[in-house]
Every structure is written in structure tokens, then in C-alpha cells.
Amino acid sequence: MKEEYIQFAPLFAGLDADEQKMLGERFVQTTAKSGAVLFQVGDAADGLYLVGKGFVRLFTASGSNLATLGPGSVLGEDSLYRAAPYDVSAHAASDFEYWKLSDQDLRAMIVQYPAIGLKLSQNFGSLIAQMQDYLVQQLSRTPELTGLPRHTLQAIADQLEPRKVAAGQTLYRAGDLAGGLFLIESGRIEVQPDTADSERQEVTDGSLLGALALLTNKPQTTTAVAREETLLWALLADDFQMIASRQPGLRRSLGRNVRARLSRTDQTQAALRLSQMPIFTQLPPATIQAIAQRMVLQHIPAGERVYRIGESGDAMYLVENGEIELTAENAVGVVEEIGRVGPEGFFGELSLLTGQIRVEDATATRNTNLWILNKHELDALASQNPAIGKALSQGVATRLAGASQTDEQALRRFALLADLNSSDLKQVTTLLHPMRYRAGEIIFRTSAPADKLFLVDKGNVRVQMLGGGAYLLGPGESFGERALITEQPHNTTVSADTDVDVWTLDKQDLDMLMNRYPGIAISITRIISQRMSETPAAAAPAGYPAAPVEAAPRRRQAAESEAPRRKRRSFGEWYGSLSGGAKLRFILLLLLLLIFLCVTIPLTGAAILNGLGMASRAIASTLNNALDVVYADGSVGVASASTTTERMRFADAQVPPTPTYTPFPTSTPLPTSTPLPTSTPQMTATPVIILQTFAADAAVAAAPAEAAPVEEAAPEAVAAAAAAPRNLDGRLSQLGIAIEDAQAAPGQQYWRLIEARWEDEEQAGGKHHIYVDVLDENGNRLVGQPVTVFWGDGNYSAALEDKPAPDYGFNYQMYASGYAYNVKVEGLPSDILRGAGMGDLANRFKGIHVAYYLVYQRATK
């Protein structure tokens, strides 16, 4: 009887006799008394029921009689197939017999016989939940997805749709936009490349198609045609992007395992770029085209390594789009950025040709597409045509020689190094470290310790002084020297006004060079003296007397669009242009440096040899104090000072330094976590520096700093801040941005988001930042107030800076798309903006440059 019911039940239509038998064997027979409850509304659906004898009544949640079912009827299948709780109740209307197929048994049977699950899904009208275990198993066996955790595979399985492709039908064509990810269940598909140099491939069960086009956001480079009726599982493009934004491991796994030859269009572009590279200039066009035909396309997700230090140089890379960061450890084991390679750039070429191991790490800072030339492909071409190897060797030699010549010419732009001969300059070159900063990135902040000298190679930097003034420095200029010479923290904040490349020189290396090449010491005194004479009085650092200004300053203000450009003058021209006070200051600085070189160092060496360490430290301390005094009070004050004791006071707010490097997150951003600030930085006691003769010990006393009066907000201002309407960009809701209200009690102060503005790609003009300002009840900026951007298990916090209008006091550079970032203000309960990230209205999960502008204000509930 059971077999007959299964044969004629519409739910099991299409099953052959063997499949019906296997299904029937898993039904378990049971009896129930009249009035017995089979299941109730809200119970977890654990099986479906086939009525044998008797009747069963179905009731709605409200208790209404929905239906009465008799022998041969099936119930509970809808909830079971959807993995949802039962939405009706089933009560026995009489004594009756029934068979039950449990959810567990159905899943086990489908894993073993997936065709049954497919037919049940077809009868049901959609994919049944019991297919999930089978699909997870199939996905785990796919080479491109090997190693992904079960929860990621389940997320994919939940979105898969079955699709049949008839024999001869095209799944997609070369040039089509990516439509989805396709897993072949059964059948054969022929993959036809769009270039004549690649062979056709036939793929069968378990093969994955369409992944590279989805990852790279590029058109398909092949055509896929079914050679027989084929059943496959499809993950649509939008569903893929949604899963990839929540499960970053999916993009990483596919990126590591999926690559393909360049399309015809990309080969043409690659050949053009190769021909412009120095190492390939000796090769004829036909050979370069042959090299381009052997290159492959690979996607590198944000945060993924391309290679590591110590690995063999087995490939060269051209960046099609995205960005690669190159880092290496310095002499003391600290990882430093040595360069960034963006679109149209390349890296790894010398290791490929010379066989050297990698001396740097290469990491994608954003989703990046690379064109890769592997060593075995180049070797294969060279073996076929020996002239290629000879031409490449000549290219490498030319590249190395040209680089050396270019480096020397570039370094002679800097006044510090201009007078060195070629041999000495080569020695200096080995001590320099390249660094790159993005526009708006902080290089160092006021009160940060000074540990290196900076030489601007490309771009402009903005120097922000404590008094509010600012100026720009451009290529050929240096900064950071004053703090190194005086061994004091920086008294300015320097940021990248544009994308900027700099060379850095560590402090210990600078000290060594000054001892070896006195001309460098003289050049530094010229730079410091010249800046003191050029800096406007209004812009002098807080706590320092302004240097006298007898001529209009040469530097343009930072509001101008371009950095200043000085015409290099001879020493005589420069010295003759100085004012009397500036000349005197220069002479005093020069004398102090000569004392340092000719007296302090010999005395210190003698003291060490004779065990007189304390005496040498006193001399060094006195000299540093003397340099501070010259910088602070100027030469006139020093010249008129008593030869015994002269006191000078200066105030300098000790703000904890903030890291200058912003970590780069992955798709769900995973930059290095930065600890949240625990309190607002406070002013410390103002140090009093005492300058004495070289025969006396240097002494330091602390003078208490007077606390700044706290301005009380007027009650009406407090009320207005709390009641003012929010000014929110209407597009935020379309982007899926949410604002979570602060959890504050009535009468409690909190941070209220009063303005949120979004700029699309055109409006942002290349910026991809979150900008934040924080105001008090009266609308004044709260400098020093910490702001936090957080994501997943990471965060970045920094204090609000006193930047000139219209700049915001805080900014964070985004690298992840989708709903990656959340923003709040520290110290009080805060409104939280949730779901910020790169991407526009049409492409929320793509790395499109956009910007957010947020204003918080202190208010009372």
C-alpha cells in the first residue's frame, strides 16, 4: 500500500521505480489514537507524513479547521522543504496509521542519491533545504574552494540555483559581463578561448566556471558551450558579491586558485607596457607580443600577499588596477613601507631575470588585478630563441646602470647632499629608505619623537605649525632636521598634501654622516637658520618667540594649490641675503656645531675611556640645551645672556604620538588593530630648561602649567544642540547606511550625529576617506577628542586635529567596499554611523572611491 501511495503522490512524481523503492524504504510506519497531536504550529519541521488509514485534521494558528486529509495524503512537506517551523497543527481525527520520513533520513538519502533531491525540488517548485548537505559536500570537493570553512560553503549553497543547459546551447560568450559562478553537476561543456594561441578545453562534473570574471570585474575571456545536456548550479553575480563581502575567505580562495591567459585586448595593452620597460627595450615587437601571450591574469584580494621575503623570484607583475604595497624590515627589525605600485606600474622584474630571492613583501592594499609573467614561460621562450636571453641581459645591465645614474642626479637636488662627490654619494644612498604617503596621510605629529630626516622626492608635504600657520615643501627639500639636531620632539605636524615619495635617513646614520662629512652639518645649519628667518611671526611655534622677519616670507601658504619652488643660490648669495640677526644666528649655530664636532665628541670619547660617563652626558646635555635656546630666543637673546646662568621657559603640550601608517583592511577590513584611547590627552607640566656654562651641570625644573578654563555651555545652547534637526544626505538610506542612536539616559550628555554627507566618485575627486568633526554645544571644534572607526574585530582611533577650515579634524582612509566601517566618538555615549565603505549606489561592493563627511556635537538627552 505504501509503495502505491508513493507512486501516485504528485510530490514524488518523476521518480523511477528504483528511486521510489529507495524512498519507501526510509518511511517508518507508526499508529496514533484519535485526538493525538502529530505536530503543532511553531514546532521545528522534522519530517513529512504519508497517511495510510484514518483521517487527520489541520488547524491554523488561530484554531480554525483548515482541512481534513485521508489515506494517500502527504502533510508537513512545505515546512520541511523550507526548513521552517510548521505553520499548521495536525491532530488525529480518528485512530489511524501513517508513515513518516524524517529530515535526517531524507538528507542522508539525497547525499547518496542527489538525483532524487533534484526531482523532489522540481516537484516542489524550488530547491529543497535537504539538498544543502549535498551541495556543501560538492563545493568542498571543488579545487578552487578547498579549505573554506563549512559556514562559508553553506552560505554559497543557500544561494545556488539549478539550471539546465541543452546540448549546443551557450552558457556565456567572450565579452559578456560576468553573470555568475557555475558548478557543473552533470554533463560536458566546451570552453573556447578568444585567442588563437590557446587551446579549447572540455570540462565535466565538479568543474567551476565564471570565477575569474566575477573576481576581476572584467568581461568573459572565453565562450562556454554545452556539448550535451548539462545540469549545473548557478550562483548569480549579485549573490556572489553579497557573500564575498561577508565571507572574505571566498574571494581569497578563488584568487589563489583561479587564473587564465590574458584576453586579446589585454595582450595588446601588456605588449605596449612591456615595450616601455627598460629591461625589454632591446626586444623586437614580435618577441614582446609572444611574451604578452604567455602572461596570465590573476586577482589578488585586499590584504592578500603576492609574495614574501625569501621566496624565489619566479614571476614579474604588471598592475592592471588596484595597488600593491612593498614592505621590508629595516636594520632594527621594524617593518617599513618601501613603495607602492599602482595601475600602470610593475614590480618583481629584476628578481625574475637575475634569479635573486625576494627582498621585500608584496601585499595588495585593495582588490587588485595583476598581469603575471612566470619565469618558466620566459625561460621557454628564451630556449626557443637565444637572442631573447641576450637582449634581456643587456636590458638588465642598462636598467641597473641607469638606476644608479638616476639616483645620483635625483639626490643632488637636496642641499644636504649637493656637495658630495660621486663615491661619497653612493655610500649615502645605501643609508636612504624610500617611503610613500597618500594625500592627507600624517607623516608625523607635533610632539612625536624625532627619529629620521625626510627628503622630498616627489609631491608636496604640508607643514602645520602650532600657532596655526602652514607652508608647503616640494621636491628637493627636506624636513625634520631641527628636531634631530636639538633631540627634541617635533614642534610641527607634517602631512602629505599630495601623494608624496620621500627618502628617509635614520638619526644614527645622520649623526655618522655629519661626523664624516662636515659639509652636511653646515648645510643643516643653513636650512634651520633660513627657515627661522622666513617663518612669519604669527606662525611661530607655540611657546617660542617668533624669529624677526625683515623680508616677506618665500613660502606660499598651504591654501595655494602648488608647493613653493626655490631657485638654488650659491652660499655667498644666500648669506648676503640674510638679515643681520639671521647672520648672527647662523654664525652661532655654526660655532655650536663646530664645538660639537671638535670638542664634545673627543671629550666624550676620552670620558668613556677614563670611565667619566657622567661628565660626557652633562656636556652633551648642555650642548642640546644651547641649541634649543638658539632656536627659541634667537641669536640676540643668546648674545646678551650672562655667561653663568640664563633661564628660558617654553610650553609644549605633550600629546601622545599617533602612528603615521594606516593599516590596509581586506574586503571585510582587517587592518592591524589599534587600541582604543582610554582618556583625552591632558597638558603636562611645562618643563623649564636652564642653560649654564659648560663647566656646570645641566638642571631641569618643572613649572606647573595653568589649567585652561573650561567654558561652560549656556543652557539654551545645550537645549538647541539636543533639539537641532539632523542634516542627513538623502542618498545614505539608498546606500544602506544606518544611524544607531546613542544609549544615553535622560539628562546624560552624549555625542549626537548632526550632519552626514556622502560624495560619489565624481564629487570625491579620488578621495576615499571618512572625515569627521566633533563640536561642543556652542559649535566649537573639540581639538584632541578621540574618534574611532571600527570593523569586525579591528579599529582605528585618533585625536581630532586643529586643521584650518574647510578641512575636517579627523580622517580615515577606506580600502574596503560594502558595509565595512562604523564610526563613533569616544568618551561619552555616541550615535554610531554603520555601514560606510567604498562603492556607489549602483555598485555597493566595488572599490569605487567615495567619501563620507560626518559632524558630531555634544548634546544632552
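Modeller: A residue is called buried when its relative accessible area is under 20%, and exposed when that area is over 50%. The model here is a predicted one.

Biologist: Why is Glu 190 called buried?

Modeller: Its relative accessible area is 14%. The cut-off is under 20%, so Glu 190 counts as buried.

Biologist: Arg 200 is its partner in a salt bridge. Is Arg 200 buried or exposed?

Modeller: Exposed, because the relative accessible area of Arg 200 is 55% and the limit is over 50%.

Biologist: What makes the contact of Glu 190 and Arg 200 a salt bridge?

Modeller: The N to O distance between the two side chains is 3.1 Å. A salt bridge needs a side-chain nitrogen of Lys or Arg within 4 Å of a carboxyl oxygen of Asp or Glu, so the pair qualifies. Glu 190 is in strand S12, Arg 200 is in the loop between S12 and strand S13, and the two are 10 residues apart.

Biologist: What does the salt bridge of Glu 377 and Arg 294 tie together?

Modeller: The side chains meet at 2.8 Å, N to O. Glu 377 lies in helix H14 and Arg 294 in the loop between helix H12 and strand S18, so the pair ties together parts that are 83 residues apart in sequence.

Biologist: Why is Glu 377 called buried, and why is Arg 294 called partly exposed?

Modeller: Glu 377 has 11% relative accessibility, and buried means under 20%. Arg 294 has 22%, which falls between the limits of 20% and 50%, so partly exposed is the term.

Biologist: Where do Arg 340 and Glu 323 lie?

Modeller: Their side chains meet in a salt bridge of 3.2 Å, N to O. Arg 340 is in strand S22 and Glu 323 is in the loop between strand S20 and strand S21, so parts 17 residues apart in sequence are tied together. Both residues are buried.

Biologist: How many salt bridges does the whole structure hold?

Modeller: The search finds 35. One network of salt bridges links Asp 103, Arg 107, Asp 133 and Arg 150.

Biologist: How do you know that the side chains of Arg 445 and Glu 801 are in polar contact?

Modeller: They are joined at 2.4 Å, and the cut-off for a pair of N or O atoms is within 3.5 Å. Arg 445 sits in the loop between strand S27 and strand S28. At 11% relative accessibility, Arg 445 counts as buried.

Biologist: What makes S37 and S39 paired strands?

Modeller: They share two bridges in the parallel sense, and at least two are required.

Note on methods
Residues numbered from 1 in each chain as written. Predicted model: local features only at pLDDT ≥ 70, side-chain atom pairs only at ≥ 80, totals over all residues. Heavy atoms only, no water. Helix = DSSP H or I, 4+ residues; strand = E, 2+ residues; numbered from the N terminus. Buried < 20%, exposed > 50% of the residue type's maximum accessible area, 1.4 Å probe, protein only. Polar contact = N/O pair within 3.5 Å; in protein donor to acceptor, adjacent residues only side chain to side chain.
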